[in-house]
Amino acid sequence: MQVKRCVKRFGAFSALYSKPNQFWVAFDPYSILGVSRSASQAEIKRAYKNLAREWHPDKNKDPKAEDMFIKISKSYEILSNEERRSNYDRYGQMDENQPFGQSQHHGFRKFHNSFYFDESFFHFPRSREFADSKYMLHHAQFNSDVLPDSYKRPYLIKVTSEWCFECMHIEPVWKETVQELEPLGVGFGIVDLGYERRLANQLGAYRAPSIIGLANGRITFFHQAVVREHLQQFLEALLPQNLVERINDNNYLAFLDGWHSENKPRVLLFDQVPVVSLLYKLTAFTFRDYVRFGYVDQGASHNPKLLQQFNLNTYAPTMLLFKEHTEKPVDIIQARGMKRQLMDEFVSNNKFLQVPRLVSQQLFNELCPVKQFHRRRKYCVLLITGEDEAFLSGNKAFLDFASANKKDVLRFAYVYQRQQQPLCRALLHNQAVASAQVVVLERRSLAGRVMYRSVSRGWNGSEEDKHHLHQQLELLQKDPSYLTLDATLPELNNEMAPVRPTPMSDDLREIMPLLSLVFSALFILFGTVIIQAFSEPGESKPHKSKRKEQVLPPLTFLPFFFLSFDPCSRPPKKDFVEVTELTDITYISNLVKLRPGHINVVLVLTNICKNALLRKFAKEVFSFSGTETLHFSFLNADKHREWMPSLLRSACYVGQSESLDDEESSDYSGHVLALNGYKKYFCLFRPVFTGDDPNNSSSEIHHKLDKLGMWMERLMEGTLPRLHVSAWPTLDDNSSTES
């Protein structure tokens, strides 16, 4: 794709070879915006807004709309800045970094001895110099490769575009960061805002340049100055906080003994520096599901016992790996310049205990893979035992036997019969046994089919049991037909999963909607009493004319319920969205005197579209209703016609008319405002134009709020533009209410 674009551009150059003056006419920002060279800034802005609305790719389906929109945006970027405009008028140069006094042909290249073009104008030779194709991300590739891989390593993603001057300024820092962090295992990607609009929308990136962090499938935006130190700090902040545990003389024994409860080996890194290196944190992030990591500061004064026990060389970083026997490590590496590849090989070769406990289907699949070829047979020797003290001696004897009989074709593991009852019933033919049993099996298919055989006489850990098991395993390796039984195993229980709540009975599930309605009604009454009790005296005596218009109670709740019992999800604290109508009673407490740090999200509606918009509003904001600093309200524009125009005029009065020029309208239904009463600013959501007749009851008015969820995400990120007001207008006139 990149090569095709370059060929297309140079073809355009050849076409203009004999007529060089036409080149500048082809990209004349004045002609593109349709304004004269003496046009004022107001005329340029008006022309840009009209053209941008007409050629926006989301509204204009013309195949040339996207390219035209880019040209319009670029033209406005040049002419809206007086310095760039003056530079272009004098030299035809659009890079503001070039001094005005330089020659017109400075930086120009000769083409066919008669055509000149400015390389700094197009930027593509330099901007693509480092942005190699291996870093460019596409929508399908991101979702199939990068997003799953973010659970093993973090990513830094740069959002750029071909017409971005600021992107060129951060390019050297970005290049140094890639060269420094990529060898450590950090992933990098680049998204072209012009060609990957779908991926940019998924990431929530709407401007270039932007830098995004991705770890554990979670997207985080970078908001600091683009320097290497800030990028590295941002990357470390993406990682979980408990990846590496600080180890000293007081807690090292508890750390090493934790292998039994967590079912994971332990790794200790000894180094002279007090800060855990980013390389070690990234390694811990990759293998966090298999191994527990600890760090020992050799230069600290509170670790003499720990250093003396393992007798380490203090002149080079050292990694020790422990399994079931905590007195002595099973593997060790020591190197001055420890590389990521060396650490990965060290951990991946020892990421399982000698006799791990089968606690999930994933672990079972890795320990006992399905047989593919005759020479790659893997036999799983499984001890079915218990957790009581009576089984401890037998379990330890099984571990000793496994340590003494290490072979590539044998994998030793154990399960607790009480924790994995379906598996044990399938292998023991539904027989409840009082003593431990040993089963040798070979997996034949991913569907759970296995060939297996139970070792007779059971297992109590005696020398006779060890000798008998050794004989059985010798027979198995000589004759695979030794496994005579066939079974289909169920999927293992995930013992490490979060504890699930007790399932509800069918009777309780049936009456839950009724209980929700009853408790909601009680909550409405209780909330009304509380609001009236704590409102100011002046607020509790509204005008009589206003009281006649009051149809709903001061505090209303939308009857929109989400009854979700999925334990894996994280629902808000309530099963409904609490929405308050802004009236002359609730206006002061819900806006003017709103607590610092709190925001009221207000939906503007009319009587015609009230029910449809409220349902859609509740659906879009439900996932944010668990945030304690967010409140949700609605304003009836039919009752308070002057409030919205007065608010917009107030914002225009303080010099923010640029973003509100087109907001003067008779129909404000579907607008959403995020109001910060304490700091006196608001963010504005404009409804999606549906083309429907608002007076038509059958029209789908709720589509006006289709993009509200994305707007709410940007609100939570703090990336929405803020419009400030000097004071909040009142509900009954155009005057202002001072806080």
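Buried means under 20% relative accessible area, exposed over 50%, and partly exposed in between, with a 1.4 Å probe and protein chains only. This is a predicted model: local features need pLDDT of at least 70, side-chain atom pairs count only at pLDDT 80 or more, and totals for chains, interfaces and linings use all residues. Residues are numbered from 1 along each chain as its sequence is written, and side-chain values use heavy atoms, with hydrogens and water left out.

## Cysteines

A disulfide here is a pair of cysteine sulfur atoms within 2.5 Å. By this rule there is one disulfide. C368 is joined to C380, with S to S at 2.4 Å. C368 lies in the loop between α18 (361-367) and β12 (379-385), and C380 lies in strand β12, so the pair ties together parts that are twelve residues apart in sequence. Helices (H or I, at least four residues) and strands (E, at least two) are DSSP runs, numbered from the N terminus.

How buried are C368, C380, C424 and C609? The table gives the values.

| Residue | Relative accessibility | Class |
|---|---|---|
| C368 | 3% | buried |
| C380 | 1% | buried |
| C424 | 3% | buried |
| C609 | 3% | buried |

Two strands pair if DSSP finds at least two bridges between them.

β12 and β14 (residues 437-443) are antiparallel and share five bridges. Within this pairing, L383 has V438 in β14 as its bridge partner. Axes are lines fitted to C-alpha atoms, for helices over the stretch in contact, and angles run from 0 to 180 degrees between N-to-C directions.

## The four-stranded sheet

A four-stranded open sheet has the order β4-β3-β5-β6, again with mixed pairing. Its edge strands are β4 (187-192) and β6, each pairing on one side only. Neighbouring strands are turned by 25° against each other on average, direction ignored. Helix α12 (residues 228-238) packs on this sheet and touches β3 (155-160), β5 and β6. The direction of α12 makes about 30° with that of β5.

β5 (residues 210-215) and β6 (residues 218-221) run antiparallel, joined by four bridges. A215 has R218 in β6 as its bridge partner. Two residues lie between the strands of this hairpin, and N216 takes a positive phi near 60°.

## Nonpolar cores

A nonpolar core is a set of buried Ala, Val, Leu, Ile, Met, Phe, Trp, Tyr and Cys residues joined through side-chain atoms within 4.5 Å. Which members of the largest core touch the most other members? They are Y280, F293, M319 and L427, in a core of 64 residues. Helix α15 (residues 278-286) supplies the largest share, six residues.

Contact means heavy atoms within 4.5 Å. Not counting residues up to four places away in sequence, M319 touches a set of residues including V267, L268, L269, Y280, M338 and M343. A second, separate core has 29 residues, among them L605, L613, A618 and M712.

L279 sits in helix α15. At 13% relative accessibility, L279 is buried. Leaving aside neighbours within four places in sequence, L279 contacts L184, M338, K339, R340 and M343. L279 and K339 are 60 residues apart in sequence, yet their C-alpha atoms are 8.3 Å apart in space.

## Helix α27

Which residues of helix α27 (residues 708-717) are buried? They are L708, G709, W711, M712 and L715. These residues cover an arc of only 155° around the axis, which puts them on the same side of α27. The arc is that of the directions from the helix axis to the C-beta atoms. The cover over the buried residues of α27 includes β18 (599-605), α25 (610-621), β19 (630-636), β20 (672-676) and β21 (681-685). Just after α27, G718 takes a positive phi of about 80°.
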